[in-house]
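Keep the sequence and the 3D view at hand while reading.

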Amino acid sequence: MKIIVDGTPIEAEAGESVLAAMLKANVHPTGGGCLCCGGDCPHCLATVDGVSYMRTCQVHVHPGQVVQRHHYGQVEPPMPQGNAGSLDVPTRHVFCDAVIIGGGESGQAALATAQAAGQTVMALDANQGQEAIGIYAGPMVVAKTATEMLQIHAKQDVIVATGAAEIQPVAPGNMLAGIYTTRAAEQLAQQGVQLGKVAVLGPVPKNVWHFPITGRIVRFEGEGAVSAVVVEQDGVETTHACDGVVVGLGFHPRNALARQGHDMAQVRTVGDAALASDIPPCPVSGVVCPCSGITVDDLQYTWDSGFRELELVKRSTLAGTGTCQGSCCIPHMRSFLADRGKELQAPFTARPVTKQLTVEEIAAGAHFHPQAETALHGEHIALGAQMERSGSWWRPWNYGNYEAEYWAVREAVSIMDVSTLGKMLLSGPDALEFLQMIYPTNVKTIKPGRSRYVLMLNDRGYVFDDGLIANEGNGVYALTFTSGGSSNSEMFLRDRAETFGMDIRLVNRTWGLSAINVTGPLAKAMLQKMGVSDLPNWLEHKHIDVAGIACHAYRLSFTGEWSVELHHAAQDSVALWRALLAAGEEFGIRPHGLETLRTLRLEKGHIIVGPDTGFDGTARRIHHNWAVNMKKPYDFVGKAAIIRTNKTELDKELVGMTIPDYTPIEGDIAFVDGQYAGVVTSSAWSPVLKKAVMLVMLQYIDGVLPTEVTLSGHTATRVDLPFYDKESARARA
Amino acid sequence: MPAHNHIEFTRLIATRIATTAAAADKLHAPAGSVMIRTAIDETLIFPPVPDISVDDDYAIIIEDGSYASAWLDIDFALRWLPYNCAWEMPTVRPAFAQGMIADIATKLYFEQERVLMIVPAPYAAEMAAHLAHGGHA
């Protein structure tokens, strides 16, 4: 068969490694460095079939295989990337008693012991393509296979039986081709690679044409590949001409995984992975860390700079942070520091991952944030709505004609799907007491059948949500929250109930209750024509039937026009929506989306919590002191902060501003005489007022709130809120 | 990779009860209905049991359609779930378990031959798409 290396076909034999095939063709994957054939070094890395950083000693050839070399010094190693055809890598979760990492002798023994003890066992063998790449808290072992990622939750034992790696030589010339560890030489010879006549230092590999040498390696010599090795013994240097050099310098445990899980009692090492490391002679010169190109001179510079701990030397030089994660450099760094500091330091901390992963493998099991759909999602799509992500919900931005939607609200009738509002029901012996502690309004004065707009404050007195409290009678309260706020608010309420030790019952009904806002000057007439006669008055709420559907109707207004919010069972939502559209046909009904609502509410000066309040919006800063009752005899959440901050001078305020002929973008910066004066939090062109209206968080300058600011070269003038229908006669009609 | 293109979620109409832990402990669902304790203070019973007796004057008892559900064949479920749940599946039957699947709070009710998957109704379309895709993206 043939494989393609850097665009050139080369011969390969079934069953051999890509590395062996390349060496037979006199091609070195990276150009040089001591090959180990154990997956421990970075010297055989290449891009194989589109996946970069593959260890070619661990990959078998197949016909048509495409290989690109990562040649040291000639090409920049590519970013880790995977095969374009494998974008979806699944993650499988496995629960078991024990996981055995390593399929060698000690791994097999551990497996037998675990099975004999009746444990459910997951065995991982890198030679079978199951490569553990990290041990996380739990413990949870993450492993990669050819087709999926594994997350293995071991209840009892994680046995690390990963064996030991051979120590690499460090000397000048150690990045030349033609250097092998003992095991590598044997394996390559077995695969038919002709190594030539090699000098062997240490144990003799089988089936290799060789001659033995002794002593300390002084340097490797050659152009591109080794042609001689110089050794020193008893003060005498000897040069040995050769085709290659085989080094057997000892072993150090492959214990990176164990070092990740060193503080977990369940994680144990066995076999060679548990042995103490051989420590080579202190390196004198040459590359210590081939991944990061760190030399002995670099280590000396770092030492001279005052870094004495192995952990710090690692961080300073980045030795040990590359492809092999310290497998090549750790023994030599320990030896170097022991020589300089007279103390042998422990290997540095290991962290996942121990082997290269593709982006696809890293992303395995990750999910996009899911978006929720209201019960009316299909209706919106059918009406041609442009849907927009709003918080965690899909919501209609518009139905194709913003202007017509706007005027439908202002002059006729319109409906909007407001099912996304947070909706909860609260009762319990301490319900009223609890609400008094939560909200800054005096809840006791909200009579049954009445409702009230409320702010939610955190302990710092900042507004984090707003909504409505409706007294249902009999100690039951219906609460509403912003569309994005229900989950957070529910957590807040439950947490505070526990903190306060209060006995309440709480149900979050957001997912099961839909809501449609019916609004516009003709809305009431339309509903009356539908037979609805008992509509609630302003800020009242009632349980009524609309088109035969049970609704909890709230009279309020966010649009500035007469409005009623109809809360109803989500399963009835489509029927109610369609009935309202049918009944409203003669009134010029048209649904509106968020784009319209944002303008409508801005004209009325209504805030949207978040954009208009920021992270430090107090009631005072956003002009909502009217919603805070400091006289009620409860230390409600945020009260202490309000008392404290009210003693300080007000530094900024949310104000209304207008520009006659220019609409600034939200986020635009306001200036006074070139000095920062604030930021536009909401902005829109008002069709009914024929000018731009905006909310600006405006800074006091020298104790004065500016009356005019410059926004992108245009003069904006401060005006009282609201911009539209100042007496709210239309909303309360 | 297991995937299923034909899972349709329908709104699950249930009786939802918020009450004290002690009162919830005493609840008994009528024969033929399924009762699952979704939280220490909350119970779902389906089909709905509007006249259920709860030993708590302040209990909130509502008919509720917050969730949508779909039955999964047990063989498919047991092949699919390990790719999507970082939590261990129960081995007894019947059994109830809940946790996150694809960032969606999911409840699973295991019977001998099938599993009822219950998700918040607004996320049913997302979960159906997730099931159809094989559930790993």
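## A strand and its partners

Which residue in S39(A) is the bridge partner of Val679(A)? The model is a predicted one, and in it Val679(A) has Met697(A) as its bridge partner in S39(A). The two strands involved are S38 of chain A, residues 675-686, and S39(A), which pair in the antiparallel sense over eight bridges. They form a hairpin with four residues between the strands, and in this hairpin Lys690(A) takes a positive phi near 55°.

Strand S36 of chain A, residues 652-659, also pairs with S39(A) in the antiparallel sense, over eight bridges. Here Lys652(A) has Gln699(A) in S39(A) as its bridge partner. Strand S39 of chain A covers residues 691-699, and seven of its nine residues are buried, so the strand is largely enclosed by the rest of the structure.

Helix H11 of chain A spans residues 431-438 and helix H12 of chain A spans residues 486-500; their axes come within 11 Å and cross at roughly 110°. Angles from 65 to 115 degrees count as roughly perpendicular, and H11(A) and H12(A) are therefore roughly perpendicular to each other.

Which residues meet where H11(A) and H12(A) are in contact? From H11(A) come Phe434(A), Met437(A) and Ile438(A), and from H12(A) come Leu493(A), Arg496(A), Ala497(A) and Phe500(A). Sorted by class, this contact of H11(A) with H12(A) has six nonpolar residues, one charged residue and no polar ones.

## Domains of chain A

The domain assignment divides chain A into domain 1 (2-81), domain 2 (169-248), domain 3 (378-420 + 514-606), domain 4 (422-509) and domain 5 (649-733). Between the C-alpha centres of domain 2 and domain 3 of chain A the distance is 83 Å.

## Where the chains touch

Chain A gives 29 residues to the contact and chain B gives 30 residues. On the side of chain A that touches chain B, strand S6 (91-101), strand S26 (422-427) and strand S30 (505-508) each supply at least two residues. S6(A) gives the most to this side, with five residues. By class, the side of chain A that touches chain B has twelve nonpolar, twelve polar and five charged residues.

## A residue in chain B

Leu78(B) lies in helix H2 of chain B, residues 74-80. Is Leu78(B) buried or partly exposed? A residue counts as buried if 20 or more other C-beta atoms lie within 10 Å of its own, and as exposed if 12 or fewer do. Leu78(B) has 14 within 10 Å, so Leu78(B) is partly exposed.

Leu78(B) and Val115(B) are 37 residues apart in sequence, and their C-alpha atoms are 9.2 Å apart in space.

Key: Residues numbered from 1 in each chain as written. Chains lettered and ligands numbered in written order. Predicted model: local features only at pLDDT ≥ 70, side-chain atom pairs only at ≥ 80, totals over all residues. Axes fitted to C-alpha atoms, helices over the stretch in contact; angles between N-to-C directions. Parallel < 35°, antiparallel > 145°, perpendicular 65-115°, else oblique. Contact = placed C-beta atoms within 7 Å. Nonpolar A, V, L, I, M, F, W, Y, C, P; charged D, E, K, R; others polar. Domains from an automatic or database assignment. Pairing = 2+ DSSP bridges.
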